[in-house]
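User: I've got this one open and want to go through the backbone details. Can you take me through it?

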Amino acid sequence: MAEVKLLGTWPSPFYYRVVWVLKLKGIAYEFIEEDLNNKGPLLLQHNPVHKKIPVLIHSGKSICESMIILEYIQEIWPQNSLLPTDPYDRAIARFWIKFAEDKLPAIWMVFRTSGEEQKKAIRDSLEMLETTEEHALGDKTFFGGDKIDLVDIAFGQHSQWLQMVEDVTHVKLLDASKFPRLQRWINNFKQVPIIKENLPDYQEMFAYFKAHREMLLSSK
Amino acid sequence: MEELKLLGNWASPFSYRVLWALKHKGVKYEYVEEDLFNKSELLLRCNPIHKQIPVLVHAGKPVPESIIILEYIEDTWPQNSLLPLDPHERTMARFWIKFGEDKAPIFYKFFHTVGEEQVKGTKEAEELLKTIEEYGLGDKEFFGGEELGLTDIAYGWIACWLDVLAEAAGVEMLGPQSFPRLQAWAERFSSEVKSLFKKLGVEPLVIELDELGPQGPQLQNVLEGLTGQRTVPNVFIDTVELYHNGELESLLSDANAKRKEN
């Protein structure tokens, strides 16, 4: 079997997207931890454009950007399919994946900022959560229907990183009474065995990101 | 055949992406021009999240967002394929399409700003063009390799709109010295767009402005007066034929009415 390597960093939700899909499809891989403060030659060689993790290296060829990596994995290893077969349903799945990619950064802006900038990021985040709950999820158990698919994976960072941002910044974003369906989805998603077994330790994650936010704010 | 409608706008490069893909595959569709200052109920119903064109409506089901539409067209009408067969190459095509989409706000910054900010914005856009030329296009004929693909269609706006925007904003970009490979690609891409009409059995009369000698710039002035743009490609329909068919008057009065509304 051809070699699969994954360059990543343990607290990154983008790295975890790839871990979840590799494990859901039963693909063996070698994990290579990257120090983002001291990027290694392998990372710079395989992702010269963005210089970011995650990067998947398969038979020596590199693929960058988490959702692009997931489309690649889906094509090469179609077992346990994570995209609909019907072209229209597939288009709608891709629409919501793009929505997640475009709008999730608002939550990270809440994490990175304070004052007026943060207030705007909070508004953008709430708008995104409303649209997600109302239009993307609706009354389904998962975004993929009865079982998870790439759309669930795309929104996967809500499972733990959303709460981390709330706890670190003391800003409540996902109020369960206002977003009951999303809250239920988070609970269901975290119970999926592969997801449950592959989440970073919350306390460690909280400490890591708390320190990171303090550094960001003090450098302004 | 199932009904296929494209809700678009004449000035939008996103709209054209879909047109080019449909024409490349020889797929028949009905085009519906949307007034972006007075969006139709159909558009708002078909794209409630973003309320934007283009939207492709196939057998009553709407697909919004130009890049999503392109993948849908490729999935549904696989003839004249626009994505490579090899999975890694397909992935690279998608990577570059995403790069263009993610960086779009930076690309357009020079157009929305003035003074110092515009200088900065222009520089950032040029750096992006450099990355695209170096890593995306390289020494290939097209982003897709030897033939046009989805990535070329996604970047088609560079070939057809960047000059217009730059001139309108008063900056210079995409000169032959600065990005020779990208400039060469832009010319090849424009050629492909012209030949798409030929494939449909429509014989366009193609006027090469730079082959007209001194009349070229004069004609360009006339074009600018007619269309508000000096750059090409520009497509003109045979108005004389429309007149003889009795269709010209209603078209003109519709156009006049729209102009008054705006």
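User: Which residue in β2(B) does Leu6(B) stand opposite?
Analyst: Leu6(B) stands opposite Tyr31(B). Before we go on: this is a predicted model, where local features need pLDDT of at least 70, side-chain atom pairs count only at pLDDT 80 or more, and totals for chains, interfaces and linings use all residues. Residues are numbered from 1 along each chain as its sequence is written, chains are lettered from A and ligands numbered from 1 in the order written, and side-chain values use heavy atoms, leaving out hydrogens and water.

User: Parallel or antiparallel for β1(B) and β2(B)?
Analyst: Parallel, over four bridges. Strands pair here if DSSP finds at least two bridges between them. Strands (E, at least two residues) and helices (H or I, at least four) are DSSP runs, numbered from the N terminus.

User: How does the chain get from β1(B) to β2(B)?
Analyst: Through α1(B), in a right-handed β-α-β crossover. Right-handed means that, with the strands pointing away from the viewer, the path from the first strand over the helix to the second runs clockwise.

User: And what is the strand order in that chain B sheet?
Analyst: β2-β1-β3-β4, four strands in an open sheet with mixed pairing. β2 (30–33) and β4 (61–64) of chain B each have a single partner strand, so they stand at the edges.

User: How does β1(B) pair with β3(B)?
Analyst: Antiparallel, over four bridges; β1 spans residues 4–8 and β3 residues 55–58 of chain B. Within that pair, Lys5(B) has Val57(B) as its bridge partner. Helix α1 (residues 13–24) of chain B packs on the sheet and touches β1, β2 and β3 of that chain. Contact is heavy atoms within 4.5 Å. The direction of α1(B) makes about 150 degrees with that of β1(B). Axes are lines fitted to C-alpha atoms, for helices over the stretch in contact, with angles from 0 to 180 degrees between N-to-C directions.

User: Switching topic. Where are the cis peptide bonds?
Analyst: One joins Ile53(A) and Pro54(A), with omega about 0 degrees. Another runs from Ile53(B) to Pro54(B), with omega near -5 degrees. Pro54(A) sits in the loop between α2 (41–46) and β3 (55–58) of chain A.

User: What about phi of Glu65(A)?
Analyst: Near 75 degrees, positive although the residue is not glycine. Glu65(A) lies in the loop between β4 (61–64) and α3 (66–76) of chain A.

User: Buried or exposed, Glu65(A)?
Analyst: Buried, at 19% relative accessible area. The cut-offs are under 20% for buried, over 50% for exposed and partly exposed in between (1.4 Å probe, protein chains only). His170(A), with phi near 60 degrees, counts as exposed at 71%.
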